[in-house]
Amino acid sequence: MTTPHIPNGYPQAQPFGVAQYPGLAGKVVLNTGAGSGIGRAMAQAFARHGARLMLLDIDAQAMEQTKAELLAAFPDLEVDLVQASIADDVAVERACAQTQQRFGRIDILLNNAGISMNKPSLELKPEEWRRTIDIDLSGVFYCAQSAGRRMAGQGGGVIVSTASMWGLSSSANRLAYCTAKAGVISLTKCLAAEWASKRIRVNALCPGYTHTALMDDLMERNVINGAELCGKTPLNRLGKPEEMAEAALYLASDAASFITGHALVSDGGWLANGY
Ligand SMILES: NC(=O)c1ccc[n+]([C@@H]2O[C@H](COP(=O)([O-])OP(=O)(O)OC[C@H]3O[C@@H](n4cnc5c(N)ncnc54)[C@H](O)[C@@H]3O)[C@@H](O)[C@H]2O)c1
């Protein structure tokens, strides 16, 4: 991945060895936001573990690209696509039904699709507030409920929702995003408490700044400054989508079988540094 907005010389992540997590082979994974960034890296990580994948995204072309990359690396992979907006509860229900029809079940929901919203609160238009909440919070609920019904019916499952470190902290000019992501963490805990008896584990992943298209867009529009962000991060770099996928693998796997209602932070130390 190119890093045009990050000055040369910033320490990059070292490639890490391929870890293997238990209990993922053959599992049916519904992966939202799989067309790009963290979602695409998650698709690759779960494919590597022999999971069967239903990719969901609003952007059909991006998903096709993810699918092509997956099949190039894993020719035997069982993978299918469904185009939907997670903000549309009817479309989400249809997508879950399609997943069940195609694969017979939904074992793991990677509830990852989301958008960014950076704007001073006095200028935030009601439609911008609604769009952020509709996608980043309500969309996460629709997917969890629709997949959760099927998991309950089949005797269990795992949900990993991508929240953000900004769901645990706060920032000027990010009101709608921080509020939605804090909501995702609350939703995660509520569902974990409610659905443990149905053998459904529910956890949240809280990435720090991670180098994806979403970040490139914000850097290009000078909404954020990559060099400044690296400087504020104790590990002195942005995260990689593969590092977020690794955390999702762990949370979804049997290695995390006693973990539910947890918000796992992967932020290079940003929150620990007090920002
Ligand atoms: N990149 C970061 O620094 C960062 C940090 C913390 C949290 N996150 C969260 O991680 C998740 C993934 O972000 P990313 O950086 O990979 O972004 P990205 O923009 O690279 O990918 C997001 C994907 O979600 C899809 N999407 C957007 N709206 C959708 C909708 N309504 N329905 C279905 N799909 C939709 C997009 O088409 C895209 O493929 C988001 O929830 C984001 O808030 C990202």
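## The ligand and its contacts

In this predicted model, the ligand is surrounded by 29 residues, and the closest of these are S36, D57, Y177, T210 and T212. Sorted by class, the shell around the ligand comprises 14 nonpolar, 12 polar and 3 charged residues.

From T212, a polar side-chain atom lies 2.6 Å from an oxygen atom of the ligand, whereas for T210 it is a backbone N or O atom that lies 2.8 Å from an oxygen atom of the ligand. A backbone N or O atom of I38 is likewise placed 2.8 Å from an oxygen atom of the ligand. On its own the ligand has 830 Å² of accessible area, and the protein covers 92% of that area.

## Elements around the ligand

Two or more residues of the shell around the ligand come from each of α1 (37–48), α5 (175–195) and α6 (213–220). Of the elements, α6 gives the most to this shell, with 3 residues.

## The largest pocket

The space taken by the ligand is the largest pocket, in which about 1,000 Å³ of space lies. Its lining consists of 44 residues, and those nearest the centre of the pocket are G114, I115, S116, T212 and L214.

The elements that give two or more residues to the lining of the largest pocket are α1, β2 (52–57), α4 (126–154), α5 and α6. Divided by class, the lining of the largest pocket holds 20 nonpolar, 15 polar and 9 charged residues.

## The second largest pocket

The second largest pocket, with a volume of about 400 Å³, is lined by 20 residues, of which G157, V158, R199, I200 and R201 lie nearest its centre. At least two residues of the lining of this second largest pocket are supplied by each of β5 (157–162) and β6 (200–207). The lining of the second largest pocket divides by class into 7 nonpolar, 7 polar and 6 charged residues.

Definitions and conventions
Residues numbered from 1 in each chain as written. Predicted model: local features only at pLDDT ≥ 70, side-chain atom pairs only at ≥ 80, totals over all residues. Heavy atoms only, no water. Near = heavy atom within 4 Å. Polar contact = N/O pair within 3.5 Å; in protein donor to acceptor, adjacent residues only side chain to side chain. Areas by Shrake-Rupley, 256 points an atom, 1.4 Å probe, with all protein chains shown as cover. 1 Å grid on protein atoms, 1.4 Å probe; cavity = no way out; pocket = protein on both sides within 12 Å on 5 of 7 lines; lining within 4 Å. Sits in = over half its atoms within 2 Å of the grid points. Helix = DSSP H or I, 4+ residues; strand = E, 2+ residues; numbered from the N terminus. Nonpolar A, V, L, I, M, F, W, Y, C, P; charged D, E, K, R; others polar. Points joined across faces, edges and corners; volume = space filled by probe spheres on them.
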